[in-house]
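Subject: Structure handover

Hi,

Here is the structure I promised to pass on. My notes on it follow below.

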Amino acid sequence: MLHDRVLVRQDGGEGERRSTAGIVIPATASMGRRLSWATAVGVGPNVRSIVVGDRVLFDPDDRSEVELHGREYVLLRERDVHAVAATRVDADGTGLYL
């Protein structure tokens with residue numbers, strides 16, 4: 001990885017989802033702009049706030065997809081990440097950096 005790049009693997013698929021009430025929402029349903037969660041699997045040397053294993057929140061419209069060893073990954077810049085969910089925070093913290 002070079003510079004401020006972050007390589008992530010998306011957690012879930014782009015298929016159908018369930019609402020909190022249990023209603024199935026098909027993948028073809030029109031939705032507003034929705035951010036996605038992914039897990040960081042690689043970071044460049046100039047990335048300051050993300051380490052491998054962190055969950056990151058990003059806009060799926062601003063992504064570059066790449067396939068490595070038959071698996072799909074997304075390549076992002078650190079500035080394209082909206083939030084980082086990490087377990088390495090203080091005991092009284094929320095674990096989410098915005």
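The accessible surface of the protein chain is about 6,900 Å². Carbon and sulfur atoms hold 49% of that surface. Please keep in mind that this is a predicted model. The chain has 98 residues, and 28% of them count as buried.

Fold first. There are nine strands and zero helices in the protein chain. Along the sequence the pattern reads β-β-β-β-β-β-β-β-β. Take the contacts in the chain with a separation of 6 or more: 59% of them join residues 24 or more positions apart.

Next, the core. The largest nonpolar core has 13 residues. Which of them touch the most other members? Val8, Ile50 and Val56 do. In general, nonpolar side chains tend to be buried together in soluble globular proteins.

Val8 is worth a look in the viewer. Leaving out residues up to four places away in sequence, Val8 touches Ala38, Thr39, Ala40 and Val41, among others. Its list of contacts also includes Val56, Phe58, Tyr73, Val74 and Leu76.

Now the charged pairs. How many salt bridges does a search of the whole structure find? The search finds one. Its partners are the side chains of Asp4 and Arg5, with an N to O distance of 3.0 Å. The two side chains also make a polar contact, again at 3.0 Å. As a general point, side chains of opposite charge can pair when their charged atoms come close.

Is Asp4 buried or exposed? Asp4 has a relative accessible area of 19%, so it counts as buried, since the cut-off for buried is under 20%. Arg5 has 24% relative accessibility and therefore counts as partly exposed.

Asp4 sits in the segment before strand 1. Where else does Asp4 make contacts, residues up to four places away in sequence aside? Asp4 touches Asn46, Val47, Leu76, Arg77 and Glu78.

Arg34 lies in the loop between strand 3 (24-25) and strand 4. At 48% relative accessibility, Arg34 is partly exposed. Arg34 and Phe58 are 24 residues apart in sequence. In space, their C-alpha atoms are 9.1 Å apart.

Best wishes

Methods: Residues numbered from 1 in each chain as written. Predicted model: local features only at pLDDT ≥ 70, side-chain atom pairs only at ≥ 80, totals over all residues. Heavy atoms only, no water. Salt bridge = Lys/Arg side-chain N within 4 Å of Asp/Glu carboxyl O. Buried < 20%, exposed > 50% of the residue type's maximum accessible area, 1.4 Å probe, protein only. Helix = DSSP H or I, 4+ residues; strand = E, 2+ residues; numbered from the N terminus. Contact = heavy atoms within 4.5 Å. Areas by Shrake-Rupley, 256 points an atom, 1.4 Å probe, with all protein chains shown as cover. Core = buried A, V, L, I, M, F, W, Y, C linked by side-chain atoms within 4.5 Å. Polar contact = N/O pair within 3.5 Å; in protein donor to acceptor, adjacent residues only side chain to side chain.
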